[in-house]
There are 4 protein chains.
Amino acid sequence: MGKLRPKLYRQFYPKAWTGQGLSPVNLLIIFFVLASVVTVALETEKSISEPYAVIFQTLNIVFLLVFSIEYITRIWVMGEHPEYQGVFGRIKYIFSLVAIIDLIAIIPFLLGFIGSDTFLLRLIRLSRILVLARLGAFTTALTNLRSAVASRGYELLLSAMFTLGILLVSAVILFVAEKDQQPEAFGSIPRAMWWAVATLTTVGYGDVYPVTPIGKVFAALSALSSLGLIALPAGILAGAFGEAFRKKRESDQDS
Amino acid sequence: MGKLRPKLYRQFYPKAWTGQGLSPVNLLIIFFVLASVVTVALETEKSISEPYAVIFQTLNIVFLLVFSIEYITRIWVMGEHPEYQGVFGRIKYIFSLVAIIDLIAIIPFLLGFIGSDTFLLRLIRLSRILVLARLGAFTTALTNLRSAVASRGYELLLSAMFTLGILLVSAVILFVAEKDQQPEAFGSIPRAMWWAVATLTTVGYGDVYPVTPIGKVFAALSALSSLGLIALPAGILAGAFGEAFRKKRESDQDS
Amino acid sequence: MGKLRPKLYRQFYPKAWTGQGLSPVNLLIIFFVLASVVTVALETEKSISEPYAVIFQTLNIVFLLVFSIEYITRIWVMGEHPEYQGVFGRIKYIFSLVAIIDLIAIIPFLLGFIGSDTFLLRLIRLSRILVLARLGAFTTALTNLRSAVASRGYELLLSAMFTLGILLVSAVILFVAEKDQQPEAFGSIPRAMWWAVATLTTVGYGDVYPVTPIGKVFAALSALSSLGLIALPAGILAGAFGEAFRKKRESDQDS
Amino acid sequence: MGKLRPKLYRQFYPKAWTGQGLSPVNLLIIFFVLASVVTVALETEKSISEPYAVIFQTLNIVFLLVFSIEYITRIWVMGEHPEYQGVFGRIKYIFSLVAIIDLIAIIPFLLGFIGSDTFLLRLIRLSRILVLARLGAFTTALTNLRSAVASRGYELLLSAMFTLGILLVSAVILFVAEKDQQPEAFGSIPRAMWWAVATLTTVGYGDVYPVTPIGKVFAALSALSSLGLIALPAGILAGAFGEAFRKKRESDQDS
């Protein structure tokens, strides 16, 4: 028993794993998390879930068992971790953010069998998607990417503010230009914002667009400024990654 | 009194603030500026502003008071600034660009209570959006971003000219190809420009698109060239930011 | 004969070619490959292929002859290559991936004359497009580009995972917000995914878009996040290419 | 007279100008070129050109005079240039590419007064747009940008080939998936190409889009690959500009 716990600890706790990449147990958990997300998504499509109701019910029971066993085993093996030793250590772990997210991810599976179909329960059931959030814990590489982005966080924030400013100015101008012609689509600044977002992100659904000549002129200017709004964050991130990659190479050369 | 003015001066004038970031007073002003912008925007949406007319009127009075007090206090405390000392210094400040923008930003709040609903006054009322322009004065970091962009201003200008050239050529070709089939959408070069902007910025509303085979071939070529039109400014900015970030790091290493 | 084979070997095998760029024979083959791809594509358009049926049949016979002669000649001349000498070397070559792709690319031309019009055969006929895959064998430069991308493969994978995460979250939110109003377009998460992909890639066909205020708010947030989803891979690739180009220049300076 | 020609030569020939930027004469010519382009464009819009027919006719005469005088003066003053001295030098200049473009740019103005309204003449009249091409002669800075792009020309070409490959594969898959449901939009590969271009460039007019589940799945994959198709050239250009800007800075530091 004393030999099984450290073994499982190395399998469950990524930082304790001494091999390359992820441990077999963690790879399996990732597989089940992704499978449960896909199952939840497909279950909402009645044309798929109704003919195969039995399969989906079986899968849900499997997921419930797997994640419950994982949750309990993880509490047990975390006793190996210096911070979570003993009964009080386990209580400390149970109330840690990671463990709470794990628990929340299991609850909707339990509620799923009640069969209630109200909006609220469906929302909780959808929170199963939250299991995805745990994937971030498996990889430390994400931190590198995040630090490169964070190093230029202020410039990116300014870029975002700039985008919001152009959005608001575009919405105001088109509101003034088009509100008499198209009160439904441009009758208020919030409504014009919907058009402005669709235009400046270049999504352009085509449900709303200006029809007056003056509206078209300003809409064209807004659309053209979108080229800059895409280029600005791309350029900032490119500079940030260039710096980060160079730093890493230089520190690799020194060592 | 002689102690209050220097204290408020440090609170109001960002460059005189010795602490980290922005002073509490300036943070409060930013909050009120943003709140007033959101209020103006929501006020135009009748389905929101009419049921809550009293709240919007109250908010407008609050904004009027806050910005009036801020305007007068700022004139008073700017006496601490070497350039704006004494009565003549204050007159000099009142006619400075920053103070005039502040005043213009207050006027529409006053006019707002007249209740007139003509187009012109509404335009002035919308100029309250201009208060946003003052936010730029709060941050010197913007200057860094602006200088990086300016260092490649000529290349970016060429990129913009290139975009305009492709826009015009695309519009002319589609005008020739489609004007007989779709006189409403492609009957003139300015009309075809509306299509060209929507296509080359990749917005693509779908209100106008070519229907003839030859028109579709050239439209496809235009659309494909949009990949370059997005990549060109992004690449130039990336190079500029890469240079700027490297320069800063090198000067940080020297000191 | 002993003089013809080495000559043809240098013409057919790119690495054995001592001149600049590609050998005349390989340039000719590229031309025929591209011509056959265009022919296949145009043949599907009845308004083009029916009036010119004879031309298309002739072209198909020409392509069949050219690629058959090329295939047989290549087997013969590969005897010059140290790995493929003698009868057993040729058998080894015939079962190499490159030769199998070559053969698969010829088969549909043969089947094309049977005149059958079933779906399956048409699919095989379309596999002629696979001939394009051989173009990669002509250029080693592609490897350079591929290695630069591969050097940041992990960051690009994270960027792709991030995109998938935002896609799923956007689809779930819009599914909840719009499913009662638009069951056809947003009635399940897979259906909402179609909207999410169109929005986050900024394609925005306009066949589906939210109509409820809350749906529009979250759709706007999704659309705005698309700016980051485009900027992230562009930034990573820019950093990777910057590194690769610099490395190459430095190694060029050393030698 | 001997003093006027060198003076005008410095005004007309950008490389001979000793002052900063462009000479006043060249700035004036740029203004007239742009004005003539705008005039041609507006003239095609009947709702603008018909009420102001006299203004447009006057403008056309002005442009004809200005460009004719410029053309003749340029021939005269180019005698100062070592290559174009004497009568034979002038003949050599008249048949140079720059001078021929200048002449072609004047011809449609002359034909414009004939009043003919046939398609062919209108096409020639539109060639007045070509005057824009001369703007390139005014700036040597464009060369710098062009050289940075050219230094990575092969990588950009591969990126373009990659885009074409994805375009073709997407079009073929959607042709197979949708041709029975939507023969008008996806009934042939060339037709499916129109959809593929609109999707992969993220223009997304919305005139054609898949309706079958399998078509939507592959269309979604195509749309997602567009993120890479935009990021790839942007990344290559970013790397190229980064190199070019760094080289320039290093050579500036050496001198």
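This is a predicted model: local features need pLDDT of at least 70, side-chain atom pairs count only at pLDDT 80 or more; totals for chains, interfaces and linings use all residues.
## A tour of the chains and their contacts

Next, select chains A and B. Here chain B is superposed on chain A by a rotation of 90°, with 0.0 Å of shift along its axis and an RMSD of 0.1 Å. The two copies are therefore related as by a four-fold rotation axis. In this pair too the copies use different surfaces: of the contact residues of chain B, 20% recur in chain A.

Now go to the place where chains A and B touch. How many residues does the contact take from each chain? Chain B provides 35 residues and chain A provides 35 residues.

Stay on the chain B side and colour its helices one by one. Those giving two or more residues to the side that touches chain A are α2 (24-43), α7 (119-126), α9 (141-151), α12 (189-200) and α13 (213-254) of chain B. Which element gives the most? Select α13(B), which contributes 12 residues to the side of chain B that touches chain A.

For a last stop, colour that side of chain B by residue class. You will find 23 nonpolar, seven polar and five charged residues on the side that touches chain A.

Definitions and conventions:
Residues are numbered from 1 along each chain as its sequence is written. Chains are lettered from A and ligands numbered from 1 in the order in which they are written. Copies are superposed by least squares on the C-alpha atoms of residues with pLDDT of at least 70 in both. Two residues are in contact if their C-beta atoms, placed from the backbone, lie within 7 Å. Helices (H or I, at least four residues) and strands (E, at least two) are DSSP runs, numbered from the N terminus. Ala, Val, Leu, Ile, Met, Phe, Trp, Tyr, Cys and Pro count as nonpolar, Asp, Glu, Lys and Arg as charged, and the others, Gly among them, as polar.
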